[in-house]
Amino acid sequence: MREALRLSQVDVPGPVFVELPVDILYPYSIISEQFTSMARKGARKSTLKSRIVEAYTNYSLNHIFADAWKEHQYDPLPITIKPAKPDEIKRVVSIISAAKRPLVIVGSQSVLRPYGPTVVAEAIKRLGVPIFVNGSARGLLGQDYPMQFRHARKEAIQEADCVLLLGAVCDFRLSYGQMFKRHTKVISVNRSLKAGKLNARIFWHPEVAIESDVGTFVKDLVSTIADGNISLGVDKEWLKILERRDREKDESIRRMSEDAVDKHLNPLKLLMRLRDLFKEDDTILVADGGDFVASASYIMKPFGPLRWLDPGPFGTLGCGAGFALAAKLLNPTKHVVAIMGDGAFGYSIAEIDTFVRHKVPVYWLIGNDACWTQIAREQVPMLGSSIGCQLAYTDYHRVAEGFGAKGFQVKEDEDLDERRLLSEAKKDLVEGGQVVVVNSLIGKTKFRDGSISV
């Protein structure tokens with residue numbers, strides 16, 4: 001068990017499967033009685049066979065509980081975090097200081113111990129280079145850091161002459177490394193060298209690949225730059241281009257949020273209304289879904305690190321309830337807002353009972369378009385059929401009320417008015433301490449046309 005716990009925290013941390021045989025989950029006296037009765041059952045007459053059975057059961061019993069009464073160590077096994085070598089740091093400093101368009105992409109490893117998000121964020125700000133974040137790194141630098149960009153990442157990567165990957169891997173989110181130009185010097189820092197070189201020599205080539213904790217590396221990198229009195233020169237005209245693209249994309253989203261949809265609410269307008277409703281710095285966003293949540297990732301802006309929790313690159317629908325429960329229990333004074341697609345909510349709806357019974361007030365916003373839309377966007381153009389993708393405008397708010405939550409339905413623009421249902425729902429959450437489920441009926445938009453589910 002100690003080794004399993006250690007393995008869960010080394011390299012790239014993750015789950016470790018431990019299987020415990022059923023007969024070690026009970027006290028010795030119960031198992032002993034079971035084994036004794038087995039031996040008696042075959043020992044009505046003392047025969048060679050019965051004596052062999054008895055000897056074997058006694059041996060097995062002793063083997064199962066061998067050393068069970070000895071003193072054992074229960075302290076955690078030490079966990080080693082590999083730092084970058086000084087020569088590796090110096091090489092990175094040499095590359096990044098010579099770059100005119102350096103770019104940093106930060107992944108989920110930035111929030112891991114021993115340093116965690118605060119130290120990493122402070123170090124990155126001291127670097128003073130443009131940055132994009134993904135995964136659990138969303139919110140790492142807050143909402144207003146001027147060198148953080150949210151849109152047109154592909155164009156920025158293709159224009160950069162140096163890209164520093166901090167715990168970010170070349171999976172589908174970076175087109176498996178195909179985004180990088182041949183002349184771009186790519187530096188990959190990852191707790192796992194295998195993950196840090198994912199798809200290397202196929203679609204891309206790392207100039208430097210370093211096995212190190214992200215927090216340890218970036219802290220040492222910034223210290224080396226400061227000690228050497230080295231300044232990083234970033235092309236100011238390029239920065240203006242990145243800023244302009246962000247502004248234009250935000251404006252494009254705002255305009256699309258005003259477009260009419262086939263029925264009910266425009267999902268972009270709904271999400272923008274939700275963003276305005278929860279402006280406080282004490283809000284944690286939990287996202288679980290496909291198309292609706294992907295749209296939310298463009299609009300919702302986490303206030304700080306670990307304020308955005310989503311299914312991750314594997315798209316494991318149904319994790320939202322567990323994330324929301326843990327987030328609220330660990331942060332009882334913060335608002336937890338769970339943004340759910342209607343398909344994903346189908347995996348979690350029974351958990352409303354848990355939230356109500358244990359008095360864990362969470363605000364659930366369901367984007368209900370009666371469809372597995374993320375799948376349909378790919379399936380319909382390819383196969384000409386939406387079979388298997390159709391759902392229904394289910395009365396999720398009534399189901400929630402059956403569990404004892406406060407249920408609302410919004411389906412018209414008037415429902416988004418400051419005085420109407422969204423605000424009323426928040427009031428029930430904040431003042432009444434109630435679990436709130438807002439079933440929002442939404443229509444179709446072209447916002448994510450062309451996106452696929454892989």
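1. Arg-377 is found in helix H15, which covers residues 373-383 (helices are DSSP runs of H or I with at least four residues, strands are runs of E with at least two, and both are numbered from the N terminus). Please keep in mind that this is a predicted model, where local features need pLDDT of at least 70 and side-chain atom pairs count only at pLDDT 80 or more, while totals for chains, interfaces and linings use all residues. Residues are numbered from 1 along each chain as its sequence is written, and side-chain values use heavy atoms, leaving out hydrogens and water.

2. Is Arg-377 buried or exposed? Its relative accessibility is 15%, so Arg-377 counts as buried (buried is under 20% relative accessible area, exposed over 50%, partly exposed in between, with a 1.4 Å probe and protein chains only).

3. Which residue is the salt-bridge partner of Arg-377? Arg-377 pairs with Asp-291, with 2.6 Å between the closest N and O atoms (a salt bridge puts a side-chain nitrogen of Lys or Arg within 4 Å of a carboxyl oxygen of Asp or Glu). Because Arg-377 sits in helix H15 and Asp-291 in helix H11 (residues 291-299), the pair ties together parts that are 86 residues apart in sequence. Asp-291 also counts as buried, at 10% relative accessibility.

4. The Arg-377 and Asp-291 pair is not the whole story here: a network of salt bridges links Asp-291, Arg-377, Arg-448 and Asp-449. Across the whole structure, the search finds 17 salt bridges.

5. Another salt bridge worth a look joins Arg-6 to Glu-3, whose closest N and O atoms are 2.9 Å apart. Both residues belong to helix H1 (residues 2-7), where three residues, about one turn of the helix, separate Arg-6 from Glu-3. Arg-6 has a relative accessibility of 23% and counts as partly exposed; Glu-3 counts as partly exposed too, at 36%.

6. Arg-173 and Asp-171 form a salt bridge as well, with the closest N and O atoms 2.9 Å apart. Here the two partners fall into separate classes: Arg-173 is partly exposed at 23% relative accessibility, whereas Asp-171 is buried at 11%.

7. Turning to the rings, the structure holds ten aromatic pairs. One of them is Phe-355 with Trp-364: the ring centres are 5.2 Å apart and the planes stand at 85 degrees, so this pair is edge-to-face (rings of Phe, Tyr and Trp, the last by its six-membered ring, pair if their centres lie within 6.5 Å; planes under 30 degrees apart are stacked, over 60 edge-to-face, the rest tilted). Phe-355 and Trp-364 are both buried, and together with Phe-345 and Tyr-396 they make up one aromatic cluster.

8. Where is Ile-202 placed? Ile-202 lies in the loop that runs between helix H7 (193-196) and strand E5 (206-211). With a relative accessible area of 57%, Ile-202 is exposed. From Ile-202 to Ala-4 the C-alpha to C-alpha distance is 34 Å, and the two are 198 residues apart in sequence.

9. Lastly, Ile-30 is part of helix H2 (residues 28-41). Its relative accessible area is 41%, so Ile-30 is partly exposed.
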